[in-house]
Amino acid sequence: MLQDPTDEYIRTITAHCDLAGKEVLEVGCGTGRITRDLARHARRVVAVDPDETALAKARSAVPAPNVQFLPMPDGVLHFPPASFDVVIYTLSLHHVPLDRMNESLRTAAGLVRDGGAIAVVEPGDGGSFTEAKERFGAGSGDERPGREAAIRAMHGLHGWTVGETVLFRARFLFADEDDFIATKLPGFGEQPEAFQQEVREFLARHRTAEGVVLDAGRRLNVLRRG
């Protein structure tokens, strides 16, 4: 699988949030796909994630000298106050447990220096990949409840203003149907035959000369003090 082959994430982030020469904390870096692009713009990136396996892949994929990958096993951001210019949640805020989401944002706010920002990239509406998640439970499955909670949490962060919602689309390129199934539908072989057939018919509709191309709606909000 190739995520975001056209670099829509970093193009959108940098159009609305200045990263040049900044110290950036990325919350929920996963395997480092977006971290790689952040490192090309920021002076320093500290990327955290609770998944040690994902972090190992990220360290291998992004050997940039200005990037540090750190585990976040308890979901809490343990850094001194005002340590960063920008905190970026990359498709991660909606994964924070509901009872800790507000706390996570408050903690992030305390890590941002004066004049800095919190950038939140979240799933949006629409797109064939979103449809696959909601219909078939692909990847992290139906994320709508978490997405809605994340929006409420952003607007509930006292002393901070939520900027305009910037909508964009991200693409996902899979070599073929089996690539999608292997990466996004573990346990596919144990599913009923009718389910398997439905998935394959869905994927066949999105087959191109490149492979299976899916897309997903995304949204960006930049929060600033005041």
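This is a conversation about how the features of one predicted model get their names.

Reader: What should I know before we start with this predicted model?

Author: Residues are numbered from 1 along each chain as its sequence is written, and side-chain values use heavy atoms, with hydrogens and water left out. In this predicted model local features need pLDDT of at least 70 and side-chain atom pairs count only at pLDDT 80 or more, while totals for chains, interfaces and linings use all residues.

Reader: Happy with that. How many aromatic pairs are there, and what makes two rings a pair?

Author: The structure holds seven aromatic pairs. Rings of Phe, Tyr and Trp (its six-membered ring) pair if their centres lie within 6.5 Å; planes under 30 degrees apart are stacked, over 60 edge-to-face, and the rest tilted.

Reader: Why is the pair of Phe-79 and Phe-84 called edge-to-face?

Author: Their ring centres are 5.3 Å apart, within the 6.5 Å limit, and their planes stand at 85 degrees, over 60, so the pair is edge-to-face.

Reader: Which words describe the exposure of Phe-79 and of Phe-84?

Author: Buried means under 20% relative accessible area, exposed over 50%, and partly exposed in between (1.4 Å probe, protein chains only). Phe-79 has 23%, so it is partly exposed; Phe-84 has 2%, so it is buried.

Reader: Why is the pair of Phe-129 and Phe-172 called stacked?

Author: The centres of Phe-129 and Phe-172 lie 4.2 Å apart and the planes are at 25 degrees, which is under 30, so this pair is stacked. The pair links distant parts of the chain: Phe-129 sits in helix H5 (residues 128–136) and Phe-172 in strand S8 (residues 166–174), 43 residues apart. Helices (H or I, at least four residues) and strands (E, at least two) are DSSP runs, numbered from the N terminus. Phe-129 is buried at 3% relative accessibility, and Phe-172 is buried with a relative accessible area of 3%.

Reader: Which residues form one aromatic cluster?

Author: That cluster is formed by Phe-136, Phe-188, Phe-195 and Phe-202.

Reader: How many salt bridges does the count come to, and which residues are linked in a network?

Author: The count comes to 23 salt bridges. Asp-4, Asp-7, Arg-33, Arg-36, Asp-37 and Arg-40 are linked in a network of them. Inside it, Asp-37 and Arg-36 meet at 3.4 Å, N to O; Asp-37 is buried at 3%, whereas Arg-36 is partly exposed at 31%.

Reader: How do you know that the buried residues of H1 line one face?

Author: In helix H1 (residues 8–16), Tyr-9, Ile-10, Thr-12 and Ile-13 are buried. Seen down the axis, the buried residues fall within an arc of 165 degrees (taken from the directions from the helix axis to the C-beta atoms), so they line one face of the helix.

Reader: What makes a set of residues a nonpolar core?

Author: Its members are buried Ala, Val, Leu, Ile, Met, Phe, Trp, Tyr and Cys residues joined through side-chain atoms within 4.5 Å. The largest has 46 residues, and Tyr-9 and Leu-214 are among those with the most contacts inside it. A second, separate core of 27 residues includes Val-48, Met-101, Ile-118 and Ala-150.

Notes: Salt bridge = Lys/Arg side-chain N within 4 Å of Asp/Glu carboxyl O.
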